[in-house]
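Colleague: I am new to reading models. Could you take me through this one, feature by feature?

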Amino acid sequence: MRTWVRKGAAVAAAVVSAVALSACGSQEKGPEPDGKRDSAAPSAGASQGGAGGVTLADAAGAWLGTTDGKPVTLTISTGGQTVVISDAHVCQGVAKEGETLTLTLSCKDGNTDRESGTVGSADGGRLVVTWASGLTDTLSKPAVTGLPTNMPSIPSLPSLPPQP
């Protein structure tokens, strides 16, 4: 049962991260008067994936794992917005392509464990991030298998408002 709760919490965190990122505005502008769309052109390093070989497209998505016995959830949008949740810390920022794919985040609570990191590899099923603090997160894509079927039912609630 505890495994279901942990997996459920991790999936819920990934969904919350994805929803939070989708609420962030896109940097792409709407159609211009001449019908063309204006978007930022990638740098030379970005189009080649950089020396590390990992592109933003490789790393985009939700990733789950455990580091030092604590669950870690990392979500990277295709636009580069990034959220990491670990050990009650929620940090957000951006992922940028260059020589390597780097993550630059800030945590509202001042935690610095996952402030600056480099994506070392992303193979579609596994993502490895090395943080400047010395931590290394090895994360996996969550398996989407549907909702659990053996959930307990909710007991009947009394009618509201309470009767005197």
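Modeller: Start with burial. Buried means under 20% relative accessible area, exposed means over 50%, and partly exposed lies in between (1.4 Å probe, protein chains only). Arg-114 and Asp-137 are buried. This is a predicted model, where local features need pLDDT of at least 70, side-chain atom pairs count only at pLDDT 80 or more, and totals for chains, interfaces and linings use all residues. Residues are numbered from 1 along each chain as its sequence is written, and side-chain values use heavy atoms, without hydrogens or water.

Colleague: What do the side chains of Arg-114 and Asp-137 form?

Modeller: A salt bridge, at 2.8 Å from N to O. The term needs a side-chain nitrogen of Lys or Arg within 4 Å of a carboxyl oxygen of Asp or Glu. Arg-114 sits in the loop between E5 and E6, and Asp-137 in strand E8 (residues 136-140). They are 23 residues apart, linking distant parts of the chain. Helices (H or I, at least four residues) and strands (E, at least two) are DSSP runs, numbered from the N terminus.

Colleague: How many salt bridges are found in the whole structure?

Modeller: The search finds 2. Asp-87 pairs with Lys-70, their closest N and O atoms being 3.5 Å apart. This pair spans 17 residues, from strand E2 to the loop between E3 and E4. Asp-87 is partly exposed, at 40% relative accessible area. Lys-70 is partly exposed too, at 38%.

Colleague: Which residues line the largest cavity?

Modeller: Arg-114 returns here, with Val-84, Ser-86, His-89, Cys-91, Asn-111 and Asp-113. A cavity is a set of points on a 1 Å grid over the protein atoms alone where a 1.4 Å probe fits but cannot get out; lining residues have an atom within 4 Å of a point. Its volume, the space filled by probe spheres on the points, is about 40 Å³. Strands E3 (81-86) and E4 each give two or more residues to the lining.

Colleague: How do I read a nonpolar core?

Modeller: Nonpolar side chains tend to be buried together in soluble globular proteins. A core joins buried Ala, Val, Leu, Ile, Met, Phe, Trp, Tyr and Cys residues through side-chain atoms within 4.5 Å. The largest core here has 21 residues. Leu-74, Ile-76 and Leu-103 are among those touching the most other members. E5 gives the largest share, 4 residues.

Colleague: What does Leu-103 touch?

Modeller: Its contacts (heavy atoms within 4.5 Å) include Leu-74, Ile-76, Val-119 and Trp-131, leaving out residues up to four places away in sequence.

Terms used
1 Å grid on protein atoms, 1.4 Å probe; cavity = no way out; pocket = protein on both sides within 12 Å on 5 of 7 lines; lining within 4 Å.
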